[in-house]
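Welcome! Please take a moment to look over the sequence and the structure below before reading on.

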Amino acid sequence: MSLIISVDRTDPRTLPVQIADGIRQAIDSAHLAPNTRLPSSRALSVELEVARGVVESAYDQLTAEGWLQPRAGSGTFVRRLTGATTPTRPSTTSRTSGTTDTHGRIRLATGTPWVPPISTAWKRAWRDVGTVPQPQEYPDPRGDRRLRVAIADLLGRARGLHTSAESVVVTTGSMHGMSLALAALSPEDGTSPPVLAHENPGYRVATTAARRWGWSVFDVPVDHDGIVTDDLDITPQTTRAVYSTPSHQYPTGGLLPVGRRRALAAFARSRNAMIIEDDYDSEFRYDVAPLPTIAELAPDRTVYLGTVAKTLGGGIRLGWLVAPPDVVEHVAHVRADLGDYPSAPVQQAMLSLLRDGEWDRTVRAARRVYRQRDRLVAAALAPFGELRGVGAGMHTTLLLDAATATAVAERAAAAGVDVDTLARSTRSPSPMTGLIVGYGSVSDDELTYGLDMLVDALTSVS
């Protein structure tokens, strides 16, 4: 087919941007229908009289943003931008999602992200790794300073967290960063175990990490806004840290208001404790801009954790920790003592991805995908109960009584759809019960089928 687009070499926009803009406009105006096959990059480059790489760059950008979908051996097609409307069971042979198992089950998991196809920037990043001399010595336990500078810059523009390379430590992910922080914050005299105040319901892996490092865990309830800071006063005097997910409470979705953030900072100062702020998916908000980080509000009392697991994928194993200088120093000593050094090739690749703008492009593309799925999930489940976490992240929580939640999960499982209940994230009794519906890495068809099965189950048990 022939695309009705043109390029203008007097236009201040680059040629790839002009081509991408033209294709977006054609899709938006319905001149290009879903599942339409685009010309090959070679054919379009000849038609437009541009280099083939120019067209490939435009296609890569549109693929990352979710407009196009490459199909191996078939070409590049216009992606269907909304979920399917029929409850047809998706074919197991066409699934590529990490949440679909080999037995054809669909898992509406909460932590697995949508990841775009391999891009030109991704390929270039690993080519860059091959041009760097092999490291002869163990790397800096804090991480490559160039990458730490790039991460500090990223946090400043993406999260409003103004910091420097000296406060950043490169980790393999949020929970690795948490383990390093807990090790650094552990009292050296080996007296009574320190206590971690932790949200309940909350992220169970964080409590596992705490216990592995000899900490006790004290559950603090959450409500619709997040951790109930008034209840911190009843924590033991040996509380040395508070773990919180203030930007999108996991798993209930609360957005911790400024008043509670200040109360949390005041508590930390009064107890000589630290706040461990897990900012695991703050890039994805669809209603309002994220509130400023607690680390920006109380930099002297906060260990801030970030990761690329929810943007570039968990397999990369890279994240960061931002902390006061004394904590950074302790963390560096812990890593050196354990022989726990960051990977030089992975750091080089990440540096290349950040410099290329790949992180930003991926976030923009994923935000578009998640926004559509967030609305789809909300529309399907709103008639059955109160929804939490709508407008952010990659999962939505449906509040139900415990018996109903269990019954619905069991009925959905019988139909091949696995969904977690809040009980899985609850350690001590909590009034919050329900289902946690993830929509990150499933395909549109899988999500639609999964929601249909949940609606059937909810209708049956209501």
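This is a predicted model: local features need pLDDT of at least 70, side-chain atom pairs count only at pLDDT 80 or more; totals for chains, interfaces and linings use all residues.

## Two packed helices

Let us begin with helix α13, which covers residues 402-414, and helix α14, which covers residues 444-461. Their axes lie 9 Å apart and meet at an angle of about 135°. That angle makes α13 oblique to α14, and the crossing of the two helices is right-handed.

Which residues make the contact? On the α13 side they are T404, A407, V408, R411 and A412. On the α14 side you will find L454, A457, L458, S460 and V461. Sorted by class, the contact of α13 with α14 has seven nonpolar residues, two polar ones and one charged one.

## A buried threonine

Next, look for T302 in strand β10, which runs over residues 302-307. Is T302 buried or exposed? Its relative accessibility is 1%, so T302 counts as buried.

A polar atom of the T302 side chain lies 2.8 Å from the backbone oxygen of A298. Setting aside neighbours within four places in sequence, T302 touches M274, I275, E277, I294, A295, V322, A323 and P324.

## A proline in a loop

Our last stop is P117, found in the loop between β3 (106-107) and α4 (120-130). With a relative accessible area of 37%, P117 is partly exposed.

Which residues does P117 contact, leaving aside its neighbours within four places in sequence? They are T63 and P70.

Notes
Residues are numbered from 1 along each chain as its sequence is written. Side-chain values use heavy atoms; hydrogens and water are left out. Axes are lines fitted to C-alpha atoms, for helices over the stretch in contact, and angles run from 0 to 180 degrees between N-to-C directions. Helices (H or I, at least four residues) and strands (E, at least two) are DSSP runs, numbered from the N terminus. Angles under 35 degrees count as roughly parallel, over 145 as roughly antiparallel, 65 to 115 as roughly perpendicular and the rest as oblique. A crossing is left-handed if the near helix is turned anticlockwise from the far one by less than a right angle, and right-handed if clockwise. Contact means heavy atoms within 4.5 Å. Ala, Val, Leu, Ile, Met, Phe, Trp, Tyr, Cys and Pro count as nonpolar, Asp, Glu, Lys and Arg as charged, and the others, Gly among them, as polar. Buried means under 20% relative accessible area, exposed over 50%, partly exposed in between (1.4 Å probe, protein chains only). A polar contact is a pair of N or O atoms within 3.5 Å; within protein, one must be able to donate a hydrogen and the other to accept it, and residues adjacent in sequence count only if both atoms are side-chain atoms.
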